[in-house]
Amino acid sequence: MARDMVPVLKRCRSLGLDPIYLGVDKKSNRQSIRGNKKKSEYGLQLTEKQKAKFIYGVLEQPFRNYFAKAERMKGQSGENLMVLLECRLDNVLFRMGYGRTRKESRQIVGHKHVSVNGNTVSIPSYQVKPGDVIEIREKYKSSQRYKDILEVTDARMVPEWLEADHEALTGTVKELPTRELIDVPVNEMLIVELYSK
């Protein structure tokens, strides 16, 4: 299975991204030394695409597939793309506070700790729908891992399109998010411009 093994802080520095968006509360003291080269239009578009891919942990081909799907949906392609990425199961777990980072949430899903509407799901890219009930499976609820995770993530705000019950380790998707509810620093219009060339 292909994985992105780039050091997180190094990648955040090169993309000009705050690690907090990835759930990482470390800061890098180093500065990115790039001189003051002005980025071309293509460079700016590529950086936005790389930011979105890095934040959500999606590789190039699946990302292209998301974009193709977003174009076929009603509405604006850029907003549709962000909603599709936000509705991935691993991201929803992260947003609910059941994973410290999206990578950890992805691992939790891959290890079959999660059920959606009572069925075990082990696919991190599974698209959730409004009304879906997501929970940590019964046999893992008492594990120390989730106590440790909740200690770190309890103060994190759960977005208003989701509902989470940290006592029972369950959550519900109330509705699909709108672009205003997605707090990711990505300019999706630049991604649309890049793919429409």
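**Entry 1: aromatic rings**

I began with the rings and found that pairs of them link Phe63, Phe67 and Tyr195 into a cluster. This is a predicted model, which I keep in mind for everything below. I got a count of two aromatic pairs. The one I looked up in detail joins Phe63 and Tyr195, with 6.3 Å between the ring centres and 35° between the planes. I noted that pair as tilted, because only planes under 30 degrees apart would count as stacked.

What does the pair of Phe63 and Tyr195 tie together? Phe63 belongs to helix α3 (residues 60–72) and Tyr195 to helix α8 (residues 188–195), so the pair connects parts that are 132 residues apart in sequence. I also checked burial: Phe63 is buried, and Tyr195 is buried too.

While on rings, I looked at Tyr56. The charged end of Arg102 sits over the ring of Tyr56, at 5.0 Å from its centre.

**Entry 2: Lys53**

Next I went to Lys53, which I found in helix α2 (residues 41–56). Is Lys53 buried or exposed? I have Lys53 down as buried, at a relative accessible area of 17%, and the cut-off for that word is under 20%. I then asked what the side chain of Lys53 makes a polar contact with. The partner is the side chain of Glu60, at 2.9 Å.

I listed the contacts of Lys53 as well, setting aside neighbours within four places in sequence: they are Val58, Leu59, Glu60 and Phe63.

**Entry 3: Gln50**

I stayed in helix α2 for Gln50. I noted Gln50 as partly exposed, at 27% relative accessibility. Not counting residues up to four places away in sequence, Gln50 touches Arg11 and Leu15. I also took a distance from Gln50 to Val116: they are 66 residues apart in sequence, and their C-alpha atoms are 30 Å apart in space.

**Entry 4: the sheet**

Val116 took me to the strands. I traced an open sheet of five strands in the order β2-β1-β3-β5-β4, with antiparallel pairing. Which strands are at the edges? They are β2 (119–120) and β4 (162–165), each pairing on one side only.

I then went across the sheet pair by pair. Strand β1 (residues 114–116) is joined to β2 by two bridges, and they run antiparallel. I picked Val116 here and found its bridge partner in β2 to be Asn119. Between β1 and β3 I have three bridges, again antiparallel. Ser115 has Glu135 as its bridge partner in β3. From β3 on to strand β5 (residues 170–173) there are three bridges, and these strands run antiparallel as well. For Ile134, the bridge partner in β5 is Gly171.

**Entry 5: helix α7**

I turned to helix α7 (residues 144–153), where I found Tyr146, Ile149, Leu150 and Thr153 buried. Why do I say that the buried residues of α7 line one face? Looking down the axis of α7, I see them fall within an arc of 95°, so one face of the helix is lined by them. On the other side of α7, I noted Glu151 and Val152 as exposed.

What covers the buried residues of α7? The cover includes α6 (102–110) and β3.

Last, I looked at backbone angles. Most residues other than glycine have a negative phi, so I wrote down the two cases below.

- Lys112 has a positive phi of about 60° and is not a glycine. I placed Lys112 in the loop between α6 and β1, and it is partly exposed at 45% relative accessibility.
- Asn117 has a positive phi of about 55° and is not a glycine either. I found Asn117 in the loop between β1 and β2, partly exposed with a relative accessible area of 41%.

How values were computed. Residues are numbered from 1 along each chain as its sequence is written. This is a predicted model: local features need pLDDT of at least 70, side-chain atom pairs count only at pLDDT 80 or more; totals for chains, interfaces and linings use all residues. Side-chain values use heavy atoms; hydrogens and water are left out. Rings of Phe, Tyr and Trp (its six-membered ring) pair if their centres lie within 6.5 Å; planes under 30 degrees apart count as stacked, over 60 as edge-to-face and the rest as tilted. Helices (H or I, at least four residues) and strands (E, at least two) are DSSP runs, numbered from the N terminus. Buried means under 20% relative accessible area, exposed over 50%, partly exposed in between (1.4 Å probe, protein chains only). A charge sits over a ring if NZ of Lys or CZ of Arg is within 6 Å of the ring centre and within 35 degrees of the ring normal. Two strands pair if DSSP finds at least two bridges between them. The arc is that of the directions from the helix axis to the C-beta atoms. Contact means heavy atoms within 4.5 Å. A polar contact is a pair of N or O atoms within 3.5 Å; within protein, one must be able to donate a hydrogen and the other to accept it, and residues adjacent in sequence count only if both atoms are side-chain atoms.
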